[in-house]
Amino acid sequence: MNDSSNERLAIVTGTSSGLGAAIALALLAQGWTVLGMSRRKADFSAPGYRHIQIDLADLPRLHGVADNELAPIAADPKWSRIGLVNNAGAIGSMRTLEQADPLQLAAVFAVNVVAPVFLAGLVVRTASKAMPLRIVNVSTGAATQPIPGIGDYGSSKAALRLASMTLAAELASSERPGGARPDIAILSYAPGVVDTAMQQSARAGDRPWNRLFVDAPAREVVEFLSSDCEKPFTERRFDER
């Protein structure tokens, strides 16, 4: 299937500010229909944008929104391509793991692991089997190396990284029920200077100086969503040099 109809859908989480907002704007500029999800309102005053205000830590509500809103949209046969960008992230407690609170820890994993894995599975199950799908899971350097003080955040991102690899392997397997799923690619993407929890917090707003740190990574994400012939799983880190 090609993209000649130009009816492309992107589901992007965390669109109210920062990298998520930059990705949504870049997609809209290229003619994508964008369905944004975040805790805060986001209105880009664009006819191609629709927003769902939701806290991804509220898993029962996420399940209802997925069934009642996301699934019918993703199942629409008019789309020539669907992209999913799991950008929203919970920073965590900024405390050592020995101080971890179980409820707070569960909320971090809900946003950073459970919701992205669930949304990826939903898109795969719902979209046409011939549909090109591109999934981007925003990662971090803290997913591959221990950084004291952000162990809850880093551990959750490490779990998402491995889940990305596993899903790609499952979809590429000929032993999968129904056979390998064609034309699906998953990218684990660490956006460089914004890839640690403290940096995310500092640069989360729409301050003018923050555009430098989000526009270039946003372009790379959009390029991947539009790409052809990608490997089932790819891992990249933005190089700001």
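The model is predicted, so local features need pLDDT of at least 70 and side-chain atom pairs count only at pLDDT 80 or more, while totals for chains, interfaces and linings use all residues. Residues are numbered from 1 along each chain as its sequence is written, and side-chain values use heavy atoms, with hydrogens and water left out.

**The whole protein**

Begin with a cartoon view, where you can find six helices and seven strands; helices (H or I, at least four residues) and strands (E, at least two) are DSSP runs, numbered from the N terminus. Followed along the sequence, they give the pattern β-α-β-β-α-β-α-β-α-β-α-α-β. Of the 241 residues in the protein, 49% are buried, where buried means under 20% relative accessible area, computed with a 1.4 Å probe and protein chains only.

**The cores**

Next, select M37, L56, L70, I82 and L133, which have the most contacts inside the largest nonpolar core, a group of 36 residues. A nonpolar core is a set of buried Ala, Val, Leu, Ile, Met, Phe, Trp, Tyr and Cys residues joined through side-chain atoms within 4.5 Å. Among the elements that give two or more residues to this core are β1 (8-13), β2 (33-38), α2 (59-74) and α3 (102-126), and α3 gives the most, with eight residues. In soluble globular proteins, nonpolar side chains tend to be buried together.

Stay with L56 for a moment and show its surroundings: leaving aside neighbours within four places in sequence, L56 is in contact (heavy atoms within 4.5 Å) with T13, M37, L62, A88, A110, V111 and A115.

**I135 in strand β5**

Now select I135, which is found in strand β5 and counts as buried, at 1% relative accessibility. Not counting residues up to four places away in sequence, I135 touches L84, N86, A120, V124, A185, I186, L187 and F224. If you draw a line from I135 to L119, the two are 16 residues apart in sequence and 9.8 Å apart in space, C-alpha to C-alpha.

**S188 in strand β6**

Move on to S188, whose place is in strand β6 (residues 184-190), and which is buried, with a relative accessible area of 2%. With residues up to four places away in sequence set aside, S188 touches N137, S139, R161, F233, T234, E235 and R236. S188 and T140 are 48 residues apart in sequence, yet 8.9 Å apart in space, C-alpha to C-alpha.

**A last stop**

Finally, select P146, I147, P148, I150 and G151, which lie nearest the centre of the second largest pocket, among the 14 residues that line that pocket. On a 1 Å grid over the protein atoms alone, with a 1.4 Å probe, a pocket is an open set of points with protein on both sides within 12 Å along at least five of seven lines, and lining residues have an atom within 4 Å of a point.

Technical notes:
Buried means under 20% relative accessible area, exposed over 50%, partly exposed in between (1.4 Å probe, protein chains only).
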